[in-house]
Amino acid sequence: MKTTKTLLGAAALALMAAVPAQAQVLFWSTQAAPVEETQKMREDVLAGFEGGVDFQPQEVGPFITRLEAEISAGSGNIGVVGALHGDLSTYADAWVDLSDVDLSGVAVSEAFLELGKLGTDEQKYLPWMQANYVMAANKQALEYLPEGADINALTYDQLVDWAQAMAEDTGSPKFGFPAGPQGLKHRFFQGFLIPSFAGSTVTKFASDEAAAGWEVFKELWQYTNPASTNYAFMQEPLLSGDVWVAFDHIARLADAFNQRPDDFVAFPAPAGPMGRGFMPVLAGVAVPASAPDVEAAKALVQYMLQPDTQVATLLATNFYPVTDAPLPAELPASARALGPAITAMTTSADALPALLPVGLGDMGGQFNQVYTDTFERIVLGNQPIADVLAQQADTLRSVMEQANAPCWLPDAPSEGPCPVD
Amino acid sequence: MSNPTVDVPRTVSAGGAGRFLIWASIVLLCAWVLVPIYLLMVNALSSPAQVSGFPKSGLPGFDFASLQFFAGFAGVAKALWNSILVAVLTMALSIGIGAPAGYALSRFDFPGKEVFRMLVVMTRAFPLPLLALPLAVMFIRTGLDDTALGLALVHTVLAIPFAVLITFSLFSGIPLELEEAAWTLGCNRWQAFQRVVLPLVLPGIAASAVFAFTISWNEVFAAAVLTIENRTLPAFLIQNLNVSPLHLKFAGGAAMVIPALIFIFAVRKYLFAMWGIANR
Amino acid sequence: MPARFLPYLMLLPATIFLLVFFVYPFIQIAILAVTQDGGFSLQPITTMATHWKFNAALGWTVLLAAVVVPLQLVMALSMATIVTKLKTGRSTILYIFSIPLGLSDLAAGIVWLAIFEQSGFLNSMLAGLGVIEQPILFLGYQNIWVIFLAVVLAELWRATAIVMVILVSGMGLIPKEYYEAGEVFGANGWQRFWRITLPLLRPSLQSALILRTLAAFEVFAVVTALGGTTLPVLMGETFNWQFAMQDRNVASAYALVILGISIAATLFFLRALRVPKGATI
């Protein structure tokens, strides 16, 4: 009896709670998740969209779970998905073709549009915003810079010497690296370290040149703050002074520059024997076939690419436009400091751009894990470099074969899956 | 904390030394519980510079900007209401479904008892984030998706092991003879339960209801997946704290803790003040 | 109604509920652990068992539970005993003791990180006392045992209240007369605790230990907050395979390991603390 009563009461309460669904477009995103960015996205970026947007940034777990549930149920609430290139390529089959979205009046980067096709002839996603990784330093660190080193043309060897000088003089390691669970360490290995030493991300993964790169990184690690294995966003240890020199995603350094613009400098990532490897970050917007209102969702996608929206997005998230949208004269301190560092890196004489992985599909996570595991085993676990590289190369090979993904830059194009020597 | 010096312990054997020992342990244990909470509040009430500064003074800066940031989030009030609604539904469902099962487990021997017990334990032992996907598909198909009831049903899965096992242990602590005595005095099984057993186990039932409430209150994952318009407070507010600046992490953490503290304070009477009945 | 149907009737709502909302999705997931591309395969289990982190994750998870749960039992018993001895101020003290009930593991992780991190409260205090010149790095990846200790402290702080509240309500059911009789026969406080409280508390002890141990095997958020990936645990690996690597089959295999050790622990407590059908006078 009690149970029935309870259940009846429960049902009544649930009815009371059911609010009529609004016609807003649900924007399901992995990006702009830090609460301040979320707030700015809602208030400054999306408020101007007619019909309204419900912007919901998610952690990766709920993001994937809800998305997969809607895809497999064939219906749902999500109108637009905003995520990184890698996440979007996992669900290539679920997206509707966006080639009919009217982009007149905006010039979108051709290279990015091509990436958005995900190797098909449909426009699976449209580019949304881009970013990069750079280095940042506390100005106190500059006096320890090795003699003759140019901060805008640093090499990995000089970085090691620099970190060593700081560690020895201050008594505590001052280099920092986002190696925590939420940190973006795998991108550093894929796009910066290994290409700079081996001129390749995949094919020469286990080469002697790549091993030399790991050797150098291991040396650098001696002068790296060991709390790095907890770091997600380097802006925090930079602000607290636990770290003086750091590598990270620009959006994860921005707060340091905005809070204390005069205390920090930004500069390009270092170069190795093969050049200055770097890898961009590209976020895109896609529309799942299960969207409740595909037309409204496409209208939101179009809105995201308008010049004003692109600039507002930069101010909200520190991600740069993917179009030719003119930037305003008055930019926040973070953009003023980080923008020139990116330009210096991408236009340097020894620039060695690494592209985002293409064609990995749902193997993207396992691809990343190969690099993370290699780091954990070599650097944290102190296992012999040659053995680890040989074993992880086997895993990498099977990932590439299962995904049947051909090589991408800086690796030379391949017939069939990208080989791992 | 009330003023401990005026409280008089009841221990019979305790002389001055025993009394001192007991109060020393109480003070120590209270400090153990309260100091981390205090530190959370200090950081929640400090400016960003104070939160990342070193050394810290251990005193709050009385800077309310971080807390205000959350208060200014559009829809906080509605999310708070949804959270309370889901938690209350979870409480009612888990006790309504779990308590009869707990009673049956404690009072009867029957084939299948062990199977049922294992089923209950498995519910607790299997990671919910993996179950969320098939549940979400089921909910989208049946229309339970994005309702307070739907989420409460999932939270009840989490809370039922508590409800069943705790009520089981309570009923097991009550002599069977007590009920049998009531039967011989003319009560039927239900009346005997109502008049003899229920008053004794109410505090424990209240305890498992509180567990159900707090489990639901703090659950983030299923809430983030299964609610869209009707977000609960954790799904709405704190699921992205991990990637937010330090000062907002603390403010968000504190914003979640305070309502829970108020709730426990409000129900503490039911939780603990029933010794008068329970001490036969 | 015949009495032998009564227990089944009382179990019916719970059984139906669990069949729909647990067993049905559970079977869909559990099958994944023994399938690959649609057919039966032990590949997910092999992949899991041969992964270089598996042994560490299993070992640390079991070790954490083996350290945390007994300590919590002792603490909770002391707290509950102290509380039942009080006459005044009891509900205030109990309230304070049960505060951590309302805290999520996420919040607990944040708080204890604020204490142990390099520019955290512990270092501030040590510096203030003049004990140290430079802040100490407690949670570095080389100090795995310090991280372990920090996790143990955080877990003790966060989850002891659950055990305590269960024990307090169980102690409330022990008739006073037993203690009075004990006193008449000259039993001291310690003897009364061992001979009366503990045996009569067996049902509550059993439930508290089962619930607490199961939760301990699922420890995750606090470990991640304090130790990053340095201290691998089963639940963390499950998350990693499910969401970062998106291999749901291996994730499901991990979940079954958690389930397996949980069932083993439950069977152990059920045997070790066998509860009779209702207490006897």
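This is a predicted model: local features need pLDDT of at least 70, side-chain atom pairs count only at pLDDT 80 or more; totals for chains, interfaces and linings use all residues.

A crossing of two helices is called left-handed if the near helix is turned anticlockwise from the far one by less than a right angle, and right-handed if it is turned clockwise. Two packed helices are described by the angle between their axes and the distance between the axes. Here the axes of α7 (residues 144-171) and α10 (residues 202-217) of chain C come within 9 Å and cross at roughly 165 degrees. Angles over 145 degrees count as roughly antiparallel, and α7(C) and α10(C) are therefore roughly antiparallel to each other.

Which residues of α7(C) and α10(C) meet? On the side of α7(C) they are A159(C), I162(C), V163(C), I166(C), L167(C) and G170(C). Facing them in α10(C) are P203(C), S204(C), S207(C), A208(C), R212(C) and A215(C). Sorted by class, the residues of this contact between α7(C) and α10(C) are 8 nonpolar, 3 polar and 1 charged.

Helix α10(C) also packs against a helix of another chain. Its partner there is α7 (residues 148-172) of chain B, with the axes 8 Å apart and an angle of about 165 degrees. That angle makes α7(B) roughly antiparallel to α10(C). The crossing of α7(B) and α10(C) is right-handed. From α7(B), the residues P161(B), F162(B), L165(B), I166(B), F168(B), S169(B) and S172(B) take part, and they meet P203(C), S204(C), Q206(C), S207(C), I210(C) and L211(C) of α10(C). This contact of α7(B) with α10(C) holds 8 nonpolar and 5 polar residues, and no charged ones.

The next step is the whole contact between chains B and C. It takes 90 residues from chain C and 97 residues from chain B. On the chain C side, the largest share comes from helix α1 (residues 6-32) of chain C, which gives 14 residues. What is the make-up by class of the side of chain C that touches chain B? It has 56 nonpolar, 28 polar and 6 charged residues.

Chain A also touches chain C, with 22 residues of chain A in contact with 20 residues of chain C. On the side of chain A, the elements that give two or more residues are α3 (60-73) and α14 (364-380). The largest share of that side, 6 residues, is from α14(A). By class, the side of chain A that touches chain C has 6 nonpolar, 12 polar and 4 charged residues.

Within chain A, the domain assignment gives domain 1 (24-130 + 281-328) and domain 2 (133-279 + 347-403). The C-alpha centres of these two domains of chain A lie 29 Å apart. Where they touch, 12 residues of domain 1 of chain A are in contact with 12 residues of domain 2 of chain A. On the domain 1 side, α4 (85-90) and β10 (281-286) of chain A are the elements that give two or more residues, and α4(A) gives the most, with 4 residues. That side of domain 1 divides into 5 nonpolar and 7 polar residues, with no charged ones.

Strand β10(A) also belongs to an open sheet of 5 strands with mixed pairing, in the order β2-β1-β3-β10-β4 (chain A). The edges are β2 (53-57) and β4 (126-131) of chain A; each has a single partner strand, so one side of each is left without a neighbour in the sheet. From one strand to the next the twist averages 20 degrees. β4(A) and β10(A) pair in the antiparallel sense over 5 bridges, and L126(A) has V285(A) in β10(A) as its bridge partner. Helix α11 (residues 294-304) of chain A lies across β1, β2, β3, β4 and β10 of chain A, running at about 35 degrees to β3(A).

Chain A has another open sheet, of 4 strands in the order β6-β7-β5-β8 (chain A), again with mixed pairing. Its edge strands, β6 (175-176) and β8 (264-267) of chain A, each pair on one side only. Strand β5 (residues 133-138) of chain A runs antiparallel to β8(A), to which 4 bridges join it. In this sheet A137(A) stands opposite V265(A) in β8(A).

How values were computed:
Residues are numbered from 1 along each chain as its sequence is written. Chains are lettered from A and ligands numbered from 1 in the order in which they are written. Two residues are in contact if their C-beta atoms, placed from the backbone, lie within 7 Å. Ala, Val, Leu, Ile, Met, Phe, Trp, Tyr, Cys and Pro count as nonpolar, Asp, Glu, Lys and Arg as charged, and the others, Gly among them, as polar. Axes are lines fitted to C-alpha atoms, for helices over the stretch in contact, and angles run from 0 to 180 degrees between N-to-C directions. Angles under 35 degrees count as roughly parallel, over 145 as roughly antiparallel, 65 to 115 as roughly perpendicular and the rest as oblique. Domain bounds come from an automatic or database domain assignment. Two strands pair if DSSP finds at least two bridges between them.
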